[in-house]
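Keep both open and look up each place as we come to it.

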Amino acid sequence: MTHALIALAAGLSLAALAACGERPQVVNYKQGTYQGKPDTPPYKDPPWNGDETKWRQAIDTRAQNQNEYKRTK
Amino acid sequence: MARMKFLCDAERCIECNGCVTACKQENDVPWGVNRRRVVTINDGVPGERSMSVACMHCSDAPCMAVCPVDCFYRTQEGVVLHDKDLCIGCGYCFYACPFGAPQFPQTGAFGVRGKMDKCTFCAGGPEPDGSPAEFAKYGRNRLSEGRLPACAEMCSTKALLAGDADVLSGIYRDRVTMRAARGTRGSPPWGWDTAYGSADAPKQVQQPAPAAQPAPASKS
C-alpha cells in the first residue's frame with residue numbers, strides 16, 4: 001500500500017512539473033536565411049523516385065514540344 | 001544546374017489571355033488575384049505589342065531581399081517560392097518587385113491584405129508534393145508530374161515559353177534564324193534595334209561642330 005502511494009505521489013509530481021520545461025517560445029530569426037518549412041525537390045516522388053536525371057530529361061523533352069520547327073520536321 | 005525561366009515572344013503574343021485563364025484554372029486562383037497578366041504596349045496603335053507577365057523567378061530576387069520574415073526561398077531549379085505560413089502580408093515584396101508579381105487576396109480596413117500569392121512556376125510550395133494542402137495554398141505542382149507550367153503549355157501561338165533557360169534560348173534561336181531566313185517582318189527580336197541598333201538604319205555620322213562665326217563688326 002505504501003509503495004503504491006509513493007508511486008502515485010511520484011507520478012503526480014512528475015505530471016505537475018511536466019510543463020516546467022525551458023523550451024524556447026520565441027522564433028529565433030536568422031537574418032537573410034529562409035525561415036520556413038523545407039521543401040522537397042520535384043523528382044523525389046514517383047515516378048521519378050529521386051532520379052534527377054530522368055526528371056530533367058522528361059522536362060527538357062517536354063520543353064522541346066514548344067518548338068514547332070522541330071515538331072514539324 | 002537547371003534554371004527554370006519564362007520567355008515571352010512579343011512577335012507572337014496575340015493578347016488572347018489564354019495564359020491568364022490557364023493559370024487561374026490550373027491553380028484555382030481566387031477572384032482578384034492574377035498571378036499572370038498580359039500587358040499591351042501602344043494598345044490600338046498599329047505595331048502594338050503584347051507580353052505575358054508573371055513572376056520572372058529572378059536570379060537575384062528583390063522580393064527575397066526585402067522580406068522581413070525571410071519567407072522566400074529559391075529551389076534547386078531556380079524557382080522562387082515562399083512559405084505562406086510565415087508570410088505576414090506586409091506588402092514589401094509588392095513594392096520591391098519590378099513586375100508586380102506579388103498579389104494579395106484581400107482588401108480591407110487597416111491594410112489587411114492576407115497572405116501574398118504569386119506565380120509558383122507550377123511548382124507548388126513547401127508542403128508534400130501533390131497534397132491537398134499544397135494545392136490549397138500554392139496551386140498545382142506540375143513540375144513534380146514532369147510537366148511545364150500550364151500557361152506556357154496552353155499558349156496557342158507558343159509566344160510564352162517555359163522551361164530550362166538553355167532549352168528556351170535554343171528554341172528562340174531557331175525562331176530568330178527562321179525569321180531572318182524568310183526575311184519576314186520583325187526578323188530580329190522585338191526591341192533588338194532599340195537595344196543594339198539596326199543594321200539597315202543609316203549610321204549616324206558625328207557631324208563636326210560648326211565653326212564659330214566671326215562676330216559682326218559693330219557699327220561705330
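With 10 C-beta neighbours inside 10 Å, D28(B) counts as exposed. The cut-offs are these: a residue is buried if 20 or more other C-beta atoms lie within 10 Å of its own, exposed if 12 or fewer, and partly exposed in between, with C-beta atoms placed from the backbone. D28(B) sits in the loop between α1 and β2 (37-41) of chain B. Although D28(B) is not a glycine, its phi is positive, about 55°. Most residues other than glycine have a negative phi, and most peptide bonds are trans.

What is the phi of D70(B), which is not a glycine? It is positive as well, about 50°. You can find D70(B) in the loop between α2 (62-66) and β4 of chain B. D70(B) is partly exposed, because 19 other C-beta atoms lie within 10 Å.

## What kind of model this is

This is a predicted model, in which local features need pLDDT of at least 70, side-chain atom pairs count only at pLDDT 80 or more, and totals for chains, interfaces and linings use all residues. Residues are numbered from 1 along each chain as its sequence is written, while chains are lettered from A and ligands numbered from 1 in the order in which they are written.

The mean pLDDT of chain B is 87, and 83% of its residues reach 70 or more; pLDDT is the predictor's confidence in each residue, from 0 to 100. For the model, ipTM is 0.79 and pTM is 0.79.

## Chain B at a glance

Chain B holds 7 helices and 6 strands. These names come from DSSP runs, numbered from the N terminus: helices are H or I with at least four residues, and strands are E with at least two. Starting at the N terminus, the order is β-α-β-β-α-β-β-α-α-α-β-α-α.

Of the 220 residues in chain B, 33% are buried. Among the contacts in chain B with a separation of 6 or more, 53% are between residues 24 or more positions apart. Two residues are in contact if their C-beta atoms, placed from the backbone, lie within 7 Å.

## A helix with one buried face

Which residues of helix α1 (residues 18-27) of chain B are buried? They are C19(B), A22(B), C23(B) and N27(B). Seen down the axis of α1(B), these buried residues fall within an arc of 100°, so they line one face of the helix. The arc is that of the directions from the helix axis to the C-beta atoms. An α-helix has 3.6 residues a turn, so residues three or four places apart point the same way.

The buried residues of α1(B) pack against β3 (49-53), α5 (150-154) and β6 (160-164) of chain B.

## The nonpolar core

The largest nonpolar core has 44 residues, and those with the most contacts inside it are F72(B), F121(B), C151(B), A152(B) and L160(B). Such a core is a set of buried Ala, Val, Leu, Ile, Met, Phe, Trp, Tyr and Cys residues joined through C-beta atoms within 7 Å. Both chains take part: the elements that each supply at least two residues of this core include α2 of chain A and β1 (4-8) of chain B.

Leaving out residues up to four places away in sequence, L160(B) touches F6(B), C8(B), C19(B), S52(B), C151(B), A152(B) and C155(B).

## Where the chains meet

The contact takes 26 residues from chain A and 31 residues from chain B. On the chain A side, the largest share, 8 residues, comes from α2(A).

Helix α2(A) has 13 residues and reaches 18 Å from its first C-alpha to its last, close to the 18 Å expected at 1.5 Å a residue; the expected span is 1.5 Å times one less than the number of residues. Its buried residues are W55(A), I59(A) and A63(A). Seen down the axis of α2(A), they fall within an arc of 75°, so they line one face of the helix. The face turned away from that buried side carries the exposed residues T53(A), Q57(A) and T61(A). The buried residues of α2(A) pack against β6 and α6 (165-182) of chain B.

## Elsewhere in chain A

The peptide bond from P46(A) to P47(A) is cis, with omega near 5°. P47(A) is in the loop between α1 and α2 of chain A.
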